[in-house]
Amino acid sequence: MNRTFLASVEKGFFLQIMMTDKLFIFDTTLRDGEQVPGCQLNTIEKIQVAQALENLGVDVIEAGFPVSSPGDFNSVVEISKAVTWPAICALTRAVEKDIDVAAEALKFAKHKRIHTGIGTSPYHIKYKFNSTQDEILERAIACVKYAKKYVEDVEFYCEDAGRTDNVYLARVVEAVIKAGATVVNIPDTTGYCLPSEYGEKIKFLVENVNGIHNAILSTHCHNDLGMATANTIAGIMNGARQAEVTVNGIGERAGNTSLEEVSMILKSHRELAIETHINTQHIYPISRMVSSLMNMPVQPNKAIVGRNAFAHSSGIHQDGVLKNRESYEIIDPKDVGIDDNTIALTARSGRAALKHRLNVLGVDLPQEKLDTVYEGFLQLADRKKDINDDDILLLAGKDRTESQRIKLEYLQVTSGVGIKSVASICLNIAGEKFEAAASGNGPVDAAIKALKQIIRRQMTIQEFLIQAINKGSDDMGKVHMQVEHKGINYYGFSANTDIIAASVEAYIDAINKFVK
Ligand code: KIV
Ligand code: ZN
């Protein structure tokens with residue numbers, strides 16, 4: 001290679017760095033996303049999601065809030081061992097004990113980050129902390145300095161920055177960068193900001209904070225008014241170079257900014273000249289995986305990953321797409337990993353077809369688990385002719401209940417119009433069988449009364465939701481159940497073509513969380 005060529009390659013490369021900026025993707029599915037009631041994952045499931053996030057190409061995985069529970073602590077430890085490339089981040093409050101515990105949880109991480117911070121809005125300063133702006137500023141500086149004793153990479157969050165006055169916010173950002181923060185997170189915690197307002201906030205910080213170039217500004221937008229993605233993009237367009245997101249936009253209340261939306265906006269709008277490391281073909285499989293493991297359905301019209309996102313139903317649209325896909329589609333479904341040529345799964349399909357479909361959906365099962373799922377698949381295929389992706393994922397998820405202490409052995413219910421419902425039930429508790437029968441006001445009531453004769457605990461149903469997955473009388477019913485025991489709510493889930501059985505299984509799933 002001659003020198004001129006090398007120089008021009010280097011110049012071209014340099015020009016490219018100048019022209020296309022890198023955006024770091026910080027995924028908080030396993031921390032902010034996992035805070036959703038009923039979405040909690042066990043450590044094995046979290047590792048599965050973390051490895052899928054690594055394959056997807058995220059830069060940072062926020063793996064948990066270690067001081068909050070031994071489970072969270074353990075998940076951060078295990079994810080740190082299981083993942084290589086992304087930085088592993090642990091959340092803390094601006095409290096020394098939190099930071100000590102986070103540093104301990106991160107000990108196996110190859111790249112570690114502590115994410116510490118404090119509320120900066122008047123609501124937080126006055127009502128949450130009964131403090132003053134100056135005191136909060138001191139605590140912010142102190143916690144960054146303390147975290148720096150453990151790790152080089154310290155991210156600071158100004159909680160409720162969306163409702164924090166920009167001049168005070170700039171003081172805090174400047175001070176924490178001076179104290180050593182490598183990333184400063186500007187959360188719109190309540191999802192209140194307008195895109196123009198949030199963009200202005202980032203611009204104000206870029207223009208008014210001394211030393212701003214020594215740190216990366218991060219967006220963290222909640223979706224309470226449906227503006228999380230718009231706000232994130234406004235932040236990026238004004239200088240933020242990290243975006244905090246979750247798969248499917250899951251998160252408390254109306255959720256967080258969705259990873260798939262931000263990635264595909266940047267990929268589609270090349271003129272923004274901002275790139276991520278996301279391998280977009282892994283988007284659909286991870287979306288299905290997270291939805292299935294967290295029992296959190298994706299709304300059909302959800303951008304990018306919803307069931308209808310690429311379904312053209314009107315005649316005019318279908319005609320246009322058939323003539324030229326780009327008439328009505330701005331994204332090729334294959335770019336997000338949606339495989340049009342899926343093989344239909346029927347009672348005659350073999351294990352290989354099932355395994356292939358599960359792999360497309362991001363689930364890789366060992367052989368003996370696959371055999372169990374295949375058995376369930378054949379039984380379902382006898383009852384239901386059209387087996388879809390949700391059915392497959394539910395079957396794959398079912399074997400998670402195999403290790404539970406209490407299992408439903410059988411259930412028989414007699415019900416009808418004008419007669420009282422009667423149920424007999426048999427439970428297998430740690431290998432021993434117990435039977436009971438009861439009558440009740442409807443089949444579910446009868447079954448649960450029978451169950452309560454065996455498990456004599458004080459527990460009440462707080463929420464009971466039955467959902468059909470698709471359509472048709474042979475469809476699977478999904479049941480979400482919230483059961484209160486000693487003042488704590490436990491969530492249970494099941495899916496079955498028999499909704500009475502699904503209800504009882506969901507109840508048992510919840511009980512298994514407190515009967516150890
Ligand atoms: O929404 C928020 O402010 C947060 C912080 C803890 C980062 O999740
Ligand atoms: Zn948040």
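Student: Which residues make the nonpolar surface patch?
Tutor: In this predicted model, I461, F464, I466 and I499 make a nonpolar surface patch of about 310 Å².

Student: Which strand gives the most to the nonpolar patch?
Tutor: Strand β14, residues 460-468, gives the most, with 3 residues. I466 is found in that strand.

Student: And why does I466 count as partly exposed?
Tutor: Because its relative accessibility is 41%, and partly exposed covers what is between under 20% for buried and over 50% for exposed.

Student: Changing topic. Which residues surround ligand 1?
Tutor: R31, D32, H115, Y157, E159, N185, P187, T189, H220 and H222 surround ligand 1.

Student: How many of the shell residues are nonpolar, polar and charged?
Tutor: The shell around ligand 1 has 5 polar, 3 charged and 2 nonpolar residues.

Student: What about T189, how many Å is a polar side-chain atom of it from an oxygen atom of ligand 1?
Tutor: The distance for T189 is 2.7 Å. For D32, an N or O atom of the side chain is 3.1 Å from a ligand 1 oxygen. The side chain of H220 also has an N or O atom 3.1 Å from an oxygen atom of ligand 1.

Student: And what % of the accessible area of ligand 1 does the protein cover?
Tutor: The protein covers 92% of the 260 Å² that ligand 1 has on its own.

Technical notes:
Residues numbered from 1 in each chain as written. Chains lettered and ligands numbered in written order. Predicted model: local features only at pLDDT ≥ 70, side-chain atom pairs only at ≥ 80, totals over all residues. Heavy atoms only, no water. Near = heavy atom within 4 Å. Polar contact = N/O pair within 3.5 Å; in protein donor to acceptor, adjacent residues only side chain to side chain. Areas by Shrake-Rupley, 256 points an atom, 1.4 Å probe, with all protein chains shown as cover. Nonpolar A, V, L, I, M, F, W, Y, C, P; charged D, E, K, R; others polar. Patch = residues over 30% accessible without salt bridge, like charges linked within 9 Å, V, L, I, M, F, W, Y side chains within 5 Å. Salt bridge = Lys/Arg side-chain N within 4 Å of Asp/Glu carboxyl O. Helix = DSSP H or I, 4+ residues; strand = E, 2+ residues; numbered from the N terminus. Buried < 20%, exposed > 50% of the residue type's maximum accessible area, 1.4 Å probe, protein only.
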